[in-house]
Each structure stands twice: as C-alpha cells, then as structure tokens.
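Here are my comments on the model you sent. Please read them with the structure open.

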Amino acid sequence: MTSGESRPEAVDWSERADWELAQGHRWGEPAAFDEVYRRFASLVHGLAYRLSGSPERAEDLSQEVFIRIFRHLGRFDSRSSLKTWIYRVTLNHCRSKLGRRRWPTQPLAEDDAERGVQLVDPRRGPEDRTLAGDAGRTVTQALGEVKPPFREAVVLRDLEGLSYEEIAQVLGVRIGTVRSRIARGRDGLRKVLEREAARAAREKTQ
Amino acid sequence: MSKNELTPTERLSAYLDGELSAAEIQALEAELEQDRRTRERLEGLRRVVDGLRQAEPPPPPPPTLHHAVARHIAIERERVSFLDRLEQSLSPLRRHNPILPMFAVVISLSLAVYFLSVLFARAEQGETSLVMVGAESEGEGGHVVGDRIEIASRALYWTGRVWRERGVVDEASREIALGSPEGRAWLDEHPDLAALVDLDAPALIRLDDALLLVRPPP
C-alpha cells in the first residue's frame, strides 16, 4: 500500500484482498466499506453475542463496532490480518462496554448440570447430537463464572476457532500468555462443571 | 519452574490443541498410561473443549443490523471533514518518516519567531522620532521622492494633508520652501536651523513636535 499506487476506476470489491478494502476506504470508496461489512458482519456480531450473551446487546455492540471500524479502517496498516484487527476492535469495544457488567447468563439449570459431564460423540445419532448441543449450552453458560481474561482466550480459541498466534495478535500478548490463559480458562470451566455435576448427583440421591 | 516450562494444566490443554512437540507428546502419553489422575484431568479438559466446540453457533446478524449500520455510516460520512481525511492520508507518512513532521514544526516555530520579532521591531520603530536634519541633526535622515519620503528602512507617504507611515497618521505636516519669502522669514525666526540652506534635497524635520517638509532654495 504505497502512495505511488494508482487508484483503480471501477472496482469489484468482492474480489479484492482485505488490505485493498482498507485502501479503498482510505480513498473514500463507499463500496469498499460495504464489502468490509459483508465479510465481517457475522464475525463481529458473533463475537459480540458470545461476549455479551444477549442478542439485543450484540446488535447494539455490533453497530458501535462498525462505526469504530469505519472511523479507523483508514489507519489499518496490514501488520496483522484484517480479520484479527477486526477481532481486536470488537473485543476492545465489548470490553469497554461490558467491562463492569455481570456476564449475562442464567444459572445452570438442574437438568443442565446433570448433563454437564455427559458429553457424547457428535458422530452418533440425532438424539445424541441434541444431548451434545445441550452440553455445549451448559459449558457456554458456565463461561460466565470464568474470569474475563481467561474467558476471552477460551472464546477465541474454542468458540471462534482462532489459532494461538491469531489470539496473541488479537489480545496483544505473547503466545505463552495465550497458552496459559486458555489452560486456566478451560480448567476453570472443568471445575465449574464438575462442581455442578456433583451437586446434581447429591440432590438426586436425597 | 523456568519461564518456558509448562504447568501440568497448560501441558494438557496444549496437548488437546496439538501445540506440543513430538517429544513432549511422547513424554505426556507415557505419563498418561501410568498416572490415573493425569488421565482424569485430561478427560475433564477434553469434555470442556468438546462441549464448547459443540455449542450452537451464534445467531446470524439480524437484517436490522445492516440497516442500522448503513444509517449510522451515512451520518458518519457527512461528519468526516476534509481535515479528518487529510489527517488519515498523512498518518502513514508520519509513521514511516518522523523527520517530516519534526521539520514542519521547526519551520513553523521559526516563522512564528520571525513574525513576532518583526512586529516588535515595528512597534519600537513607531516610538522613535522620525528625522532631524541639519547641523544639529540626530536620528535618521530622509529624502523626498515624489510623494514619498524614504527614511532609513521606512517610508512616509504624503496623503495631501498629513504624512502617513504604513497607514497610521504620524502627525500634521507643513511644507516650507526656503527659496520663498515665507521660507526665508521662517528661517529668520529659527537661526539655529540656518544650516538648512545648504540642503541639496528636500528633507523632513521634526521641530517642536511638528513634522515639516523643508525644500532647499532652487
């Protein structure tokens, strides 16, 4: 992206690389930002939903995130991928807006807790898959009991599927820190689920 | 534990992510065969990871989001000023070559100092008396060129009534032609200025707070 590059005439932005979208936005091309929205709306909304736990809140946060992206996309310098940059913008915005709010999940229901450790292989039949989906919901609800730095790392790794290197770029930390946060987040979840399973078992025997 | 040494939980978690080296995997798998508690802990972590990865995907962005973002961005586009865009386009330059903005600051400061010094110099000049010529002259001498009197680096302009310096009324002026009867009479009243008859060009003099244009005899 040098200043010597010439400005294209008619551009089909859907076929352009991410950094070219940033350049197009810098040139004031409305279609370039439209394409950014098309590519990353699901990512932004999904992460906002994961972090807020509320569809309504996720929509509000997503709107605000895209305004921030619009304002700062011209300064994107391609040192990271546009995807990790947008993850970082989204995460930072959600942190600032949700920072002191309680993680908006419901307490684990009794039957959820019972199923909390009964995860099954998704390759099995539809009934088993339903059980697995319930278990997934149980685990994501338990995320509310994990401290934010560890929760963010686990969300980015296990729900968003980012690599350790990508998570390091998003969070602005070293890979060793990423590894530690993921491990502590998962271990925290394990303890929550085992505690809930033990409680459910006790109540069942009474 | 050294900085690079993993805790047992980090080792198990990294194992599930395929982030261990071949040697580390071999060592851990040997330990898993021997140690029931490590195996149970690994299974606990595996259940968490599997549970998270089987979780339902988040809902897709609602159509209302696209409309809301488009509306906000339209407002934002209106708001973005020329200076915002200029600043955005300069930011890579600033990042890659920090000398340029520093150079611009130095130039700006130099220009500011220069203009301030000129202003102060003008203010000081405005307070000095303009001219005294002749045998007892002091201060600056000057010469009339048409309707203009050049005195050192300054110029006075005849407006038809008063001499003005850079548009500011200096004071009332009177013209005295030493070759005329009035001029000779005036010179008789001021014997201390007799040397003015030796002028070879018109001159401006200050006398008793009056500014006078004195023309020598033809």
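Predicted model: local features only at pLDDT ≥ 70, side-chain atom pairs only at ≥ 80, totals over all residues.

1. Extent of the interface. Chain A contributes 49 residues to the contact, and chain B contributes 44. The size of an interface is often given as the accessible area lost when the parts come together. Here the area buried between chain B and chain A is about 4,100 Å². Carbon and sulfur atoms give 61% of that area.

2. Five salt bridges are found across the interface of chain B and chain A. One pair to inspect is Arg71(A) with Glu76(B): they form a salt bridge, and the closest N and O atoms are 2.5 Å apart.

3. The chain B side. Four elements of chain B each give two or more residues to the side that touches chain A: α1 (8-16), α3 (36-53), α4 (63-79) and α5 (82-96). By class, this side of chain B has 19 nonpolar, 15 charged and ten polar residues.

4. Helix α7 of chain B. The helix spans residues 181-189. Which of its residues are buried? They are Gly183(B), Trp186(B) and Leu187(B). These residues lie on the same side of α7(B), because they cover an arc of only 100 degrees around the axis. An α-helix has 3.6 residues a turn, so residues three or four places apart point the same way. On the other side of α7(B), the exposed residues are Pro181(B), Glu182(B), Asp188(B) and Glu189(B).

Key
Residues numbered from 1 in each chain as written. Chains lettered and ligands numbered in written order. Heavy atoms only, no water. Contact = heavy atoms within 4.5 Å. Buried area = accessible area lost by both parts, 1.4 Å probe. Salt bridge = Lys/Arg side-chain N within 4 Å of Asp/Glu carboxyl O. Nonpolar A, V, L, I, M, F, W, Y, C, P; charged D, E, K, R; others polar. Buried < 20%, exposed > 50% of the residue type's maximum accessible area, 1.4 Å probe, protein only. Arc of directions from axis to C-beta.
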